[in-house]
Amino acid sequence: MLDLAFFYAFAAIALVGALLTVTRRNAVHSAIWLIVSLLGVAGLFLLEQAEFLFVVQIVVYVGGIMVLFLFVIMLVNLDHAAHLRQYNRQWGWAVAVAGIAMVGMGAVSASQKGSGLPLALPEGNTLALANVLFRGYLLPFEIASAVLLVAIVGAVVMARK
């Protein structure tokens, strides 16, 4: 029962953070609400006993990527972008697609049996993930690291201009 309460609490934090991320007009406020949403997802990982993913979510996404986003937002000249119209007039389509997605997810959820919570991962999932990542996918992992490094260097070069 307590697990279900924590699940709904973390899910609500993630959803509210995501909703406020896309509805705020200030880019810094949106980034901060994205951090709140990522923390909610990290809580869901912890609830599912995926401690490695919890730590990765906190350290990499909240600690690294979002700090990079905030630096880029603060370095880029947003005065010109603030005067432009940033929102288009497709609210009707957005609400329709979101409604269809919610109906679809509700139908799938209603067809499932049980409490609705996913099953917990078996013990030792960190070791299994490390074996798969560093044995079978070492080259793609290193390529992704190099691409991220190039993106960071490119952002710094663009910010200096």
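Predicted model: local features only at pLDDT ≥ 70, side-chain atom pairs only at ≥ 80, totals over all residues.
User: At what angle do α2 and α3 cross?
Analyst: Roughly 175°, with the axes of α2 (residues 27–47) and α3 (residues 51–75) coming within 9 Å. That makes α2 roughly antiparallel to α3, a term for angles over 145 degrees. Axes are lines fitted to C-alpha atoms, for helices over the stretch in contact, and angles run from 0 to 180 degrees between N-to-C directions. Helices are DSSP runs (H or I, at least four residues), numbered from the N terminus.

User: Which residues meet there?
Analyst: Among them are L34, L38 and F45 in α2, and F54, Y61 and F69 in α3. Contact means heavy atoms within 4.5 Å.

User: Where does α3 bend?
Analyst: At M66, by about 25°. The bend is the angle between axes fitted to the seven residues ending there and the seven starting there.

User: Which residues of α3 are buried?
Analyst: Q57, V62, M66, L70 and I73, where buried means under 20% relative accessible area (1.4 Å probe, protein chains only). What covers them includes α2.

User: Switching topic, where is I152?
Analyst: I152 lies in helix α7, residues 138–160. I152 and V72 are 80 residues apart in sequence and 9.9 Å apart in space, C-alpha to C-alpha.

Terms used:
Residues numbered from 1 in each chain as written. Heavy atoms only, no water. Helix = DSSP H or I, 4+ residues; strand = E, 2+ residues; numbered from the N terminus. Parallel < 35°, antiparallel > 145°, perpendicular 65-115°, else oblique. Buried < 20%, exposed > 50% of the residue type's maximum accessible area, 1.4 Å probe, protein only.
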